[in-house]
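Hi,

Here is the structure I promised to pass on.

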Amino acid sequence: MTETLIPHIDLTPLLEAGVGRDAVIEAITAAACHSGFMTIGVAPEQLGLPADIHARLARFFTLEDAAKRQLARHKFEPDNANVYRGYFPPQNEDPTWKEGIDMGPDVAHPERVRTNDGDPLREPTPLPADSELPGWAADIAAYYEAMERLGRQIAGALAEGLDISRETLVTPFDAGNSTLRLIHYPERPAETLATMPAVDGEGAARRWLVGVPHFDNGFITLLWQDRVGGLQVHTPDGGWEEVPPRDNALVVNFGRLLADWSGGRIQATEHRIVGGSRSRHSIPFFFEPAVDAVIQAPGAPAESRYVYGDRLWERMLEFVEFQGLERFAKET
Ligand SMILES: O=C(O)CCC(=O)C(=O)O
Ligand SMILES: [Fe+2]
């Protein structure tokens with residue numbers, strides 16, 4: 001059997017609702033149920049975005065350390081109140097070696113934050129001043145909205161392909177709480193790499209683990225990666241298959257909550273990132289429903305229902321960057 005593990009699907013017929021739309025829906029559904037991963041062919045311009053949008057977003061990493069630190073989560077800057085949104089610096093003691101910023105829906109929909117209910121899942125996103133990165137916040141808002149639209153189209157395709165109502169699979173994303181994350185994996189200092197076992201490659205091509213194996217928590221992740229490579233998917237035979245970078249494409253993976261939500265018909269797939277000697281950028285968009293969305297797999301018993309935010313928080317605590325956090329730390 002020579003089935004490719006990671007199918008590539010040109011999304012144009014779905015976006016344009018043209019000839020071939022049904023075949024795209026079928027391919028997306030098959031990828032969701034069997035591979036747990038796919039790449040989709042879609043150019044920024046097809047989403048109403050400028051061709052250089054990813055480079056524009058990555059300008060964030062040109063900020064001075066002090067400016068990034070001002071946006072850092074409470075865990076890294078105890079004087080800052082933000083615990084869920086904001087900047088995270090690389091931690092030399094962690095196997096994962098990355099910095100980044102997590103941004104919530106308020107970057108495009110200011111009305112979706114709650115500043116007064118103490119729930120970190122709804123806290124405002126700390127952003128650099130516009131004078132520090134002119135035009136950047138507007139690019140972020142445009143990208144966030146474009147990813148939300150794309151997420152809805154893929155959720156709609158899955159609803160059709162799995163014969164689940166749109167009300168079940170798409171409506172919970174109204175007033176959703178998706179996360180846009182910008183990631184930079186810097187070159188890891190040679191003296192640190194010297195103490196770590198390489199994962200693959202020889203000599204200058206050696207690569208190390210820089211992102212530990214994990215499943216994404218949410219529903220669908222729409223991931224842009226630069227041309228460096230290093231994203232790998234865990235295969236059923238226990239190996240790791242590389243998801244090769246390609247232009248005008250996004251990687252899509254299916255998260256654990258969607259696996260639950262579909263009654264196990266959709267697979268979540270474990271993935272990891274290798275690299276270490278070359279700087280790499282990636283931009284995942286974790287497409288997520290409203291914090292208070294009630295999730296129930298079609299046909300599943302009522303007792304299996306859960307509130308999205310509650311389950312998300314439980315699962316997030318498994319990630320190294322969130323360990324030890326209290327959701328409602330301000331309460332006693
Ligand atoms: O950097 C990547 O390509 C993937 C990042 C990732 O898996 C994540 O942030 O969940
Ligand atoms: Fe991931």
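The protein chain has 9 helices and 14 strands. Its radius of gyration is 19 Å, close to the 20 Å that the globule rule gives for 332 residues, so the chain is as compact as a globular protein of that length. Bear in mind that this is a predicted model.

How much of the chain is buried? Of the 332 residues, 38% count as buried. Sequence separation is worth a look too: take the contacts between residues at least 6 apart in sequence, and 70% of them join residues at least 24 apart.

Now for the sheet. It is an open one with 8 strands, in the order β1-β2-β10-β7-β12-β5-β4-β3, and the pairing is mixed. At the edges sit β1 (8-10) and β3 (86-88), each of which pairs on one side only. On average, neighbouring strands in this sheet are turned by 20 degrees against each other, ignoring direction.

Strand β7 (residues 220-225) and strand β10 (residues 249-254) run antiparallel and are joined by 4 bridges. Which residue in β10 is the bridge partner of L222? That would be V252.

Last, find helix α5 (residues 136-162). This helix lies across β4 (99-103), β5 (179-185), β7, β10 and β12 (280-287), and α5 runs at about 130 degrees to β7.

Cheers

Terms used: Residues are numbered from 1 along each chain as its sequence is written. Chains are lettered from A and ligands numbered from 1 in the order in which they are written. This is a predicted model: local features need pLDDT of at least 70, side-chain atom pairs count only at pLDDT 80 or more; totals for chains, interfaces and linings use all residues. Two strands pair if DSSP finds at least two bridges between them. Helices (H or I, at least four residues) and strands (E, at least two) are DSSP runs, numbered from the N terminus. Axes are lines fitted to C-alpha atoms, for helices over the stretch in contact, and angles run from 0 to 180 degrees between N-to-C directions. Two residues are in contact if their C-beta atoms, placed from the backbone, lie within 7 Å. The radius of gyration is taken over C-alpha atoms; the globule rule is 2.2 Å times the number of residues to the power 0.38. A residue is buried if 20 or more other C-beta atoms lie within 10 Å of its own, exposed if 12 or fewer, and partly exposed in between; C-beta atoms are placed from the backbone.
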